[in-house]
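Please open the structure in your viewer and keep the selection tool at hand.

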Amino acid sequence: MHKNNGWSQDEIDIMLKFLNNSSKPKMEIFDEIAKKLKRNSLSVRNFYYQYFKENPKQDINIAEHKKFNDEEKKDLVLYILRAKQKGKSVRFAITEYCNGDMKMFSRYQNKYRQILAKEPYYVKKLAERYNIKIDIKEGTKPSKNVDELKENKRLLLEINRKLNTIIDSCNILQ
């Protein structure tokens, strides 16, 4: 078995064989592997990413999925923000957005989560630009924009100057 994941070496070999011998997108390959191994396709996907994180030198040839361009990213975020403003859940909005296609649902949901986690400022600015009232929480860490960081740096420099002045005046008194 592979660590604590319950995967036998035979299953890993089958997964690698499928991945090396297919030009299909990853999610389709994961579905095929899941059927062959009688596992859930999301379980296969999760194991795949963990396996290759632990074995980065493993060489396989698989088709990369189509990346989101800027316009697709903007459309997805705006659709979800507008739906949320109407009181719909993110899941409901994504289901509508992908017309119920569950493979696309996972892709869109993952992309939206990634944007929220890594670019909350982008989401906030997009909402402001389109007058969408939202509260960005959803597990994101508060992000600081460039202006806030510059102001913090300026304040720290000012504090340091004042401290140096105080220290210098104390040295003069001695």
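**First stop: a cysteine in a loop**

Select Cys 98, which is placed in the loop between α5 and α6. Helices here are DSSP runs of H or I with at least four residues, strands are runs of E with at least two, and both are numbered from the N terminus. The model is a predicted one, in which local features need pLDDT of at least 70 and side-chain atom pairs count only at pLDDT 80 or more, while totals for chains, interfaces and linings use all residues. Residues are numbered from 1 along each chain as its sequence is written, and side-chain values use heavy atoms, with hydrogens and water left out.

Is Cys 98 buried or exposed? Cys 98 counts as buried, because its relative accessibility is 8%. The term buried means under 20% relative accessible area, exposed means over 50%, and partly exposed lies in between (1.4 Å probe, protein chains only).

Now display the residues around Cys 98. Leaving out residues up to four places away in sequence, Cys 98 touches Met 104, Phe 105 and Tyr 108; a contact means heavy atoms within 4.5 Å. Select Leu 76 as well: the C-alpha atoms of Cys 98 and Leu 76 are 9.9 Å apart in space, and the two residues are 22 apart in sequence.

**Second stop: the whole chain**

Return to a view of the whole protein and colour it by secondary structure. The protein has 8 helices and 0 strands, and from the N terminus on its elements run α-α-α-α-α-α-α-α. Of its 174 residues, 29% count as buried. Among contacts between residues at least 6 apart in sequence, 54% join residues at least 24 apart. The protein exposes about 12500 Å², of which carbon and sulfur atoms supply 52%; such areas come from the Shrake-Rupley method with a 1.4 Å probe, and for residues only the protein chains shown count as cover.

Select Val 77, Ile 80, Leu 81 and Tyr 112. These are the residues with the most contacts inside the largest nonpolar core, which has 20 residues. A nonpolar core is a set of buried Ala, Val, Leu, Ile, Met, Phe, Trp, Tyr and Cys residues joined through side-chain atoms within 4.5 Å. Two or more residues of this core come from each of α4, α5 (90–97), α6 and α7. Which element gives the most to this core? That element is α4, with 6 residues.

Keep Val 77 selected and show its surroundings. Apart from neighbours within four places in sequence, Val 77 is in contact with Tyr 112, Ile 115, Tyr 122, Val 123 and Leu 126. Then move to a second, separate core of 15 residues, which includes Leu 16, Val 44, Phe 47 and Tyr 48.

Select Asp 31 in helix α2 (residues 26–37). Asp 31 counts as buried, because its relative accessibility is 19%. Not counting residues up to four places away in sequence, Asp 31 touches Ser 41 and Lys 103. The side chains of Asp 31 and Ser 41 are joined by a polar contact of 3.2 Å. A polar contact is a pair of N or O atoms within 3.5 Å; within protein, one must be able to donate a hydrogen and the other to accept it, and residues adjacent in sequence count only if both atoms are side-chain atoms.

**Fifth stop: salt bridges**

A salt bridge is a side-chain nitrogen of Lys or Arg within 4 Å of a carboxyl oxygen of Asp or Glu, and by this rule the count comes to 8. Select Glu 119 and Lys 73, whose side chains meet in a salt bridge (2.7 Å, N to O). Glu 119 lies in the loop between α6 (102–118) and α7 (120–129) and Lys 73 in helix α4 (residues 70–85), so this pair ties together parts that are 46 residues apart in sequence. Lys 73 is buried, with a relative accessible area of 13%, whereas Glu 119 is partly exposed, at 28%.

Next, select Arg 154 and Glu 158, which form a salt bridge of 3.0 Å, N to O. Because these two residues are 4 apart in helix α8 (residues 146–173), Arg 154 and Glu 158 are separated by about one helical turn.
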